[in-house]
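These notebook entries record what I looked up on salt bridges and on the exposure of their partners.

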Amino acid sequence: GVREAEHGWNEALTTAERTLGATHPAVPPILHRLAIVAQQFGDFDRKRELLERALTIAPGAEVPCYSELPAIQTNLGTLSDYLGDFQRARTLYSEALTRSRKCLGPTHSVTTTVLHNQAVLAANIGDLAQADALHRQALQAWSDRLGADHPFVANGLDSVAKVALLR
């Protein structure tokens, strides 16, 4: 279960930090996973702390295609949106989208997740035209990658319809 996963990732973190160093590129993915566990327990302060630490350690410009970075940025962006820090969420999503499009491709699951989350943020701040455009981009990417008969495509269609209702 979740406690067992948390224990395993805590052991992995301790071992990685001891053997590789606290700032080694292997550390941020473990911190990211521990942040997801913290969310499962409703500990948003711990989640933020772990994600901020992962973001600080994760290679940036020196490793332009460090594939874990967009996922970390997206998760922290989602938390920022949830906590009402919309500007921080927007910045994190923008950076994640740029990096994931370049490094992972326009239809990669991380890229489409960022698009979807940006759309949710746009709707949360009342920019329904932007929300619609972003939801449609995510929908197209899901459809291109997964085919029309996939649950993510259904989710995308649902999201477009919700925004249409609000407009």
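Entry 1. I looked up Glu-6 and found its side chain in a salt bridge with that of Arg-3, at 3.2 Å from N to O; a salt bridge here is a side-chain nitrogen of Lys or Arg within 4 Å of a carboxyl oxygen of Asp or Glu. Both residues lie in helix α1 (residues 2–20), 3 residues and thus about one helical turn apart. Helices are DSSP runs of H or I with at least four residues, numbered from the N terminus. Glu-6 is partly exposed at 22% relative accessible area, whereas Arg-3 is exposed at 56%. I use buried for under 20% relative accessible area, exposed for over 50% and partly exposed for values in between (1.4 Å probe, protein chains only).

Entry 2. I noted the source: this is a predicted model, in which local features need pLDDT of at least 70 and side-chain atom pairs pLDDT 80 or more, while totals for chains, interfaces and linings use all residues. Residues are numbered from 1 along each chain as its sequence is written, and side-chain values use heavy atoms, without hydrogens and water.

Entry 3. I then examined Glu-17, which forms a salt bridge with Arg-53 at 2.1 Å, N to O. Glu-17 belongs to helix α1 and Arg-53 to helix α3 (residues 44–57), so the pair ties together parts 36 residues apart in sequence. Glu-17 is partly exposed at 24%, and Arg-53 is partly exposed at 32%.

Entry 4. In helix α7 (residues 128–146), I found Asp-132 and Arg-136 4 residues apart, about one helical turn. Salt bridges with shared partners join Asp-132, Arg-136 and Arg-167 into one network. Between Asp-132 and Arg-136, the closest N and O atoms are 3.0 Å apart. Asp-132 is buried at 11%; Arg-136 is partly exposed at 45%.

Entry 5. I recorded a count of 7 salt bridges by this rule.

Methods
Helix = DSSP H or I, 4+ residues; strand = E, 2+ residues; numbered from the N terminus.
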